Amino acid sequence: MNWIGIQSLETVVMGGNLVLSMLRQKPSPGVLNSNRELIGPWEAAVNWLAFKWAPQAKSLGLRFFAHVLSPGIYGQRSFKALFPNLREVLDVKSFDKDERAEEWLRMKVSIQKTST
């Protein structure tokens, strides 16, 4: 997922539901959520993401959530508000660069495949 510009509860719900639809069609144990191009806060969506989206995503097989932080403080603050509840449902780690997030995600998915 690559979030661009200003996001509201409505746009996060629309995007999150699209991801759930994709996970229904093709399950995946990991997702990379990039906020590198995001502007401003999205705290209005924190509760929906934590208590609606994440449990649904987990039920569809999602286990790992690699989050690339926004360069802006408001987006970082929004993720900080989400993180404690999200980590109760998924294995979550934040990053400054997409490449590092991809490496972590590949490692986690690879370990999961070899342990099952």
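Predicted model: local features only at pLDDT ≥ 70, side-chain atom pairs only at ≥ 80, totals over all residues.
Q: OK, what does R77 pair with?
A: The side chain of R77 forms a salt bridge with that of E43, at 2.7 Å from N to O. The two sit in distant parts of the chain, 34 residues apart. R77 is in helix α3 (residues 73-86), and E43 is in the loop between β2 (30-39) and α2 (46-59).

Q: Is R77 buried, exposed or partly exposed?
A: R77 counts as partly exposed, because its relative accessibility is 43%.

Q: And which class does E43 fall into?
A: E43 counts as partly exposed, at 32% relative accessibility.

Q: What about D91, which residue does its side chain meet?
A: The side chain of D91 meets that of K108 in a salt bridge, with 2.9 Å from N to O. This pair also links distant parts of the chain: D91 belongs to strand β4 (residues 91-95) and K108 to helix α4 (residues 98-115), 17 residues apart.

Q: How accessible are those two, D91 and K108?
A: D91 has a relative accessible area of 29%, so D91 is partly exposed. K108 is partly exposed as well, with 21%. Buried would need a value under 20%.

Q: Which residue does R106 pair with?
A: R106 pairs with E102, in a salt bridge of 3.9 Å from N to O.

Q: Where are R106 and E102 relative to each other?
A: Both are in helix α4, 4 residues apart, so about one helical turn separates them. In general, an α-helix has 3.6 residues a turn, so residues three or four places apart point the same way.

Q: Is R106 buried or exposed?
A: R106 counts as exposed, at 60% relative accessibility.

Q: Different topic. How many residues does helix α1 have?
A: Helix α1 (residues 9-25) has 17 residues. From its first C-alpha to its last, α1 reaches 24 Å, close to the 24 Å expected at 1.5 Å a residue.

Q: Which residues of α1 are buried?
A: The buried residues in α1 are V12, G15, G16, V19, L20 and L23. They lie on the same side of α1, because they cover an arc of only 145° around the axis.

Q: What covers them?
A: The cover over the buried residues of α1 includes β1 (2-6) and α2.

Q: And which residues are on the other side of α1?
A: E10, M14, L18, R24 and Q25 are there, and they are exposed.

Note on methods. Residues numbered from 1 in each chain as written. Heavy atoms only, no water. Salt bridge = Lys/Arg side-chain N within 4 Å of Asp/Glu carboxyl O. Buried < 20%, exposed > 50% of the residue type's maximum accessible area, 1.4 Å probe, protein only. Expected span 1.5 Å × (residues − 1). Arc of directions from axis to C-beta. Contact = heavy atoms within 4.5 Å.
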